[in-house]
Amino acid sequence: MSESMKGLHRDYRAAEVGVSNVGEKITVMGWVQKSRNKGGIVFTDLRDRSGILQIVFEEKNCGKEVLEKAASLRSEFVIAVTGTVTKRAGAVNDKIATGEIEVVAEDLRILSESETPPFPIENDIKTKEEIRLKYRFLDLRRPDIQKNLILRSRVTTSVREFLANEGFLEIETPILCKSTPEGARDYLVPSRVHPGNFYALPQSPQLFKQLLMVSGYDRYFQIAKCFRDEDLRADRQPEFTQIDMELSFVDIDDVIDVNERLLKKIFKDALDYDIETPIERMTWQYAMEHYGSDKPDLRFGVEIKDITDIVSSSEFVVFKGAISGGGTVRGINAEGLGTLPRKKIDALSDFVKGYGAKGLAWLAINEDGTFKSSFAKFMSEEELNGIVERMEGKPGDLLLFIADTKTNFVLTTLGALRLEVASMMNIIDKDAFRFVWITEFPLLEWSEEEERFVAMHHPFTMPLEEDWEYIDSDPGRVRAKAYDIVLNGVELGGGSVRIHQNDIQEKMFSVIGLSKESAEDKFGFLLTAFKYGVPPHAGLAYGLDRLIMLMAKADSIRDTMAFPKIKDASDLLTDAPNVVDPIQLEELGIEIKKNDSEEISAQ
């Protein structure tokens with residue numbers, strides 16, 4: 001039977017007790033991790049978010065009644081213990097912070113009993129994630145999850161402290177907004193008082209933070225909840241959190257400077273890790289050419305090399321066909337994998353075929369300097385030596401090549417292969433934090449589906465001044481004043497300098513096929529505000545969940561959020577989404593009916 005804690009006060013969390021408390025009478029409270037009855041003496045490990053503390057129950061110290069109660073303890077019982085801190089009578093446990101001491105109990109209260117949990121409350125369990133998320137309230141008790149959420153709290157505290165000291169104001173923006181479907185799908189919320197009309201949950205506070213700049217709040221930030229109805233991956237959720245900011249009267253260097261100092265403080269405060277600044281900068285074009293990605297993992301080399309000029313006269317049909325079609329031949333050097341069995345090379349070929357490549361050309365350099373290759377017989381000795389020299393090949397290396405008429409496809413496929421090979425070579429330093437700024441993104445990208453240019457970031461991104469002259473003649477050539485911060489091959493955040501001149505904004509809308517009427521319908525409130533004096537401004541937003549995932553070295557952002565969704569955007573804990581009372585739908589003017597394929601649809 002559960003007891004009251006009347007008259008008791010917790011003096012310390014479990015791991016806050018140490019050698020300096022020896023001889024002190026204290027009261028501690030928490031959950032039973034495990035309890036061992038040794039016959040006349042009971043050892044109980046008490047756990048809370050700070051760690052574990054050993055409690056010793058012995059009749060000579062606590063009496064027969066308390067000892068009998070202690071013998072009934074089971075895992076996850078919630079208890080309060082009063083006793084005296086002593087040095088351990090037995091062996092010291094150097095695996096826990098309290099390993100030198102224990103509490104000799106005098107009194108025990110069982111505040112709450114527990115059923116047997118469906119999985120052990122401990123680190124590195126093998127329980128299926130679906131079970132853990134169904135019982136998330138228990139999963140959250142596990143030390144590794146608690147460690148992640150404590151880290152998350154430290155990071156947000158550090159962010160608020162730094163930005164406040166830099167003159168930023170924390171201002172909340174609306175959750176119920178107007179739908180402006182320019183990127184991912186919006187989550188829509190029906191309005192009861194405006195039948196047939198809908199709010200949208202914000203994908204970001206973008207428009208509102210720009211309005212705040214117009215309103216004179218020259219440095220804004222917010223730890224903002226955002227929503228996107230999109231397919232999920234390990235680092236995506238339908239609802240996520242951004243560290244969002246906007247600054248007035250600044251350019252790229254100003255934004256980068258304040259954010260490098262912010263990152264430096266976050267990592268120092270939360271991990272005691274010193275980030276070297278200034279952080280390396282790399283243009284989008286360079287990143288794509290050398291790493292096949294606009295979020296390159298720089299913890300290892302394996303850069304992409306272009307051999308198109310060397311094999312331009314080759315009779316190898318794969319290379320010849322790509323080059324004659326205006327394409328390219330490029331490759332990477334998998335150092336030390338020259339003895340890789342043919343079966344594993346074929347597996348790498350299947351890997352790139354999964355990205356749409358027709359195949360993988362390869363050349364292994366034997367220890368004696370001879371070659372084993374899928375294409376060497378079509379090459380002259382001069383061409384082969386030129387390839388090896390360009391690829392910086394040496395005996396024992398495996399050179400891998402992709403050819404295609406589409407250069408960007410070759411680069412992105414090699415970028416994926418680069419990561420796969422690095423994993424095989426075991427050359428990724430798991431303990432490293434390698435940052436890089438990616439700058440000078442294309443302002444626009446061509447959409448094959450829509451047959452028009454679309455904004456690579458969003459339509460309020462400022463073009464580089466020196467490229468604006470090409471906006472009509474060669475729109476794809478125009479670069480943006482945009483920047484992403486990348487850590488270990490993952491985009492942590494991104495932002496841009498915003499357009500603040502009406503003529504440039506109108507032209508931008510025109511280039512992406514947005515008429516004045518359509519622009520006014522979607523963004524009218526922002527465009528109206530821009531008629532009343534708008535300062536030059538820029539901003540950036542971090543994905544907080546991704547940041548914590550990388551800092552904690554977790555496998556998924558689900559391990560860094562208290563109550564995440566699974567891949568189909570459902571919540572196993574609360575069984576959401578779910579049906580609602582028909583009366584609620586009637587009030588909203590919504591009818592649910594089955595269509596011809598028996599799928600549920602809203603009318």
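Biologist: Hi! Which residues make the nonpolar surface patch of about 240 Å²?
Modeller: Ile 175, Leu 176 and Tyr 199 make that patch. Keep in mind that this is a predicted model.

Biologist: Thanks. Where is Leu 176 placed?
Modeller: Leu 176 sits in the loop between β6 (169-170) and β7 (188-190).

Biologist: And why does Leu 176 count as partly exposed?
Modeller: Because its relative accessibility is 45%, and partly exposed runs between under 20% for buried and over 50% for exposed.

Biologist: Is Cys 226 buried or exposed?
Modeller: Cys 226 is buried, at a relative accessible area of 0%. Cys 177 counts as buried too, at 12% relative accessibility.

Biologist: Let's move to helix α13. Which of its residues are buried?
Modeller: In α13 (residues 502-511), those are Ile 504, Gln 505, Met 508, Phe 509 and Val 511. They span an arc of only 165° around the axis, so they lie on the same side of α13.

Biologist: What covers them?
Modeller: The cover includes β18 (444-447), β19 (452-455) and α14 (516-529).

Biologist: Last one: which residue just after α13 takes a positive phi?
Modeller: Gly 513, with a phi of about 80°.

Note on methods:
Residues numbered from 1 in each chain as written. Predicted model: local features only at pLDDT ≥ 70, side-chain atom pairs only at ≥ 80, totals over all residues. Heavy atoms only, no water. Buried < 20%, exposed > 50% of the residue type's maximum accessible area, 1.4 Å probe, protein only. Helix = DSSP H or I, 4+ residues; strand = E, 2+ residues; numbered from the N terminus. Arc of directions from axis to C-beta. Contact = heavy atoms within 4.5 Å. Patch = residues over 30% accessible without salt bridge, like charges linked within 9 Å, V, L, I, M, F, W, Y side chains within 5 Å. Areas by Shrake-Rupley, 256 points an atom, 1.4 Å probe, with all protein chains shown as cover. Salt bridge = Lys/Arg side-chain N within 4 Å of Asp/Glu carboxyl O.
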